Amino acid sequence: MLHAGLLRDPPCPSPDADKRGPIDWEAWLSRLARQARDPRLSAFYQAGCVPGSTPLQDVPLLALDVETTGLDPVRDGIVSIGAVPLTLERIHTSRSRHWLLKPRVPLRDDAVVVHGITHQQLLHAPDLDDVLDDVLSTMAGHVMVVHCRDIERQFLDNALRRRLGEGISFPVIDTMELEARLYRQPITGWRRWWAPTAPAISIRLAASRARYGLPRYRLHHALTDALASAELLQAQVADRFSPFTPLKELWR
C-alpha cells in the first residue's frame, strides 16, 4: 500500500459510519442491493455477508490491498489490486488475484519509486471498469481484511463513483485499527505518573508484523501487502482474541 511508505505513521480516520455506531452490515448490504443501479454492484451486494454474531473461525475472509498514484482518494487513482482468500487457519494463496490497472490520472514519479509500477507496465493495462465484474465477484460474500480501511474503501468508492456514478460499501476487519486498540489508548490513573507520555509505537504494517514475529516482506506490492495483512490478522486473533470471537467485535 502506497501510503505506508510516504507517511511516517499513516492516519486512518474513522469513516462516517463508525461515528454513528456499529453497522448492521446484513441489513445495509441488502438495502444497497435494492438501490444499486449497476448490475455488477447489485450482484455484489446481493451476495451479502454473514451475521455479526458469526464466530471468526466461520467467517469467509478476503485480504485486500490497493496501490495508488498518490494519497488522495478523490484526486488519485488505483494502479493495482491484490486479493487473498483466507480463514483463521489457512491462507489460500493459490486462489489469490492480482490486477494491474490503468489509472485515469497521471502516475507520479514519486509513486513509481514507492510501489515500482511503471508507466510502461500500465501502458496496456485495463481500466478498472473493464475488470470490475471480476474484482467484485472475487470480493462478493467475503469480509475484507485490510490495513487502514480508509485506503481500500475510499479509493474503491471514489473509483466507482467516477465510472458508475455510484460508490461502494463493504465490511472490513482493519488490522491497523486492531493494533491501535492496544497502542493508541489514553494513559490514565497511576500510569500517567509512571509514563506521562504514550510511547511512540508505529502501527504501520511492517512494524505491526514485527511485533508478532512475522517475517519481513517487500512492501508496496498489492498482492504481497494483502498476504501480509492476512498473516497479521491470523497472528492478532491467535494472540489477543479467539476463533469464537464474534465478527461484530472486529469488523467496521
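Is cysteine 49 buried or exposed? In this predicted model, cysteine 49 is buried, with a relative accessible area of 13%. Cysteine 148 is likewise buried, and its relative accessible area is 1%. The structure holds zero disulfides. A disulfide is a covalent bond that joins the sulfur atoms of two cysteines.

Helix α4 spans residues 39–46, and its buried residues are Leu41, Ser42, Phe44 and Tyr45. Viewed down the axis of α4, these buried residues fall within an arc of 160°, so they line one face of the helix. An α-helix has 3.6 residues a turn, so residues three or four places apart point the same way. On the face of α4 turned away from the buried side are the exposed residues Pro39 and Gln46.

The two ends of α4 were also examined. After α4 comes glycine 48, which has a positive phi, near 65°.

A further buried residue is found in a loop. Histidine 92 is located between β2 (78–86) and β3 (97–100), in the loop that separates these strands. The relative accessible area of histidine 92 is 16%, so this residue counts as buried, the cut-off being under 20%. When neighbours within four places in sequence are left aside, histidine 92 is in contact with Val84, Pro85, Leu86 and Thr87.

Key. Residues numbered from 1 in each chain as written. Predicted model: local features only at pLDDT ≥ 70, side-chain atom pairs only at ≥ 80, totals over all residues. Heavy atoms only, no water. Disulfide = S-S within 2.5 Å. Buried < 20%, exposed > 50% of the residue type's maximum accessible area, 1.4 Å probe, protein only. Helix = DSSP H or I, 4+ residues; strand = E, 2+ residues; numbered from the N terminus. Arc of directions from axis to C-beta. Contact = heavy atoms within 4.5 Å.
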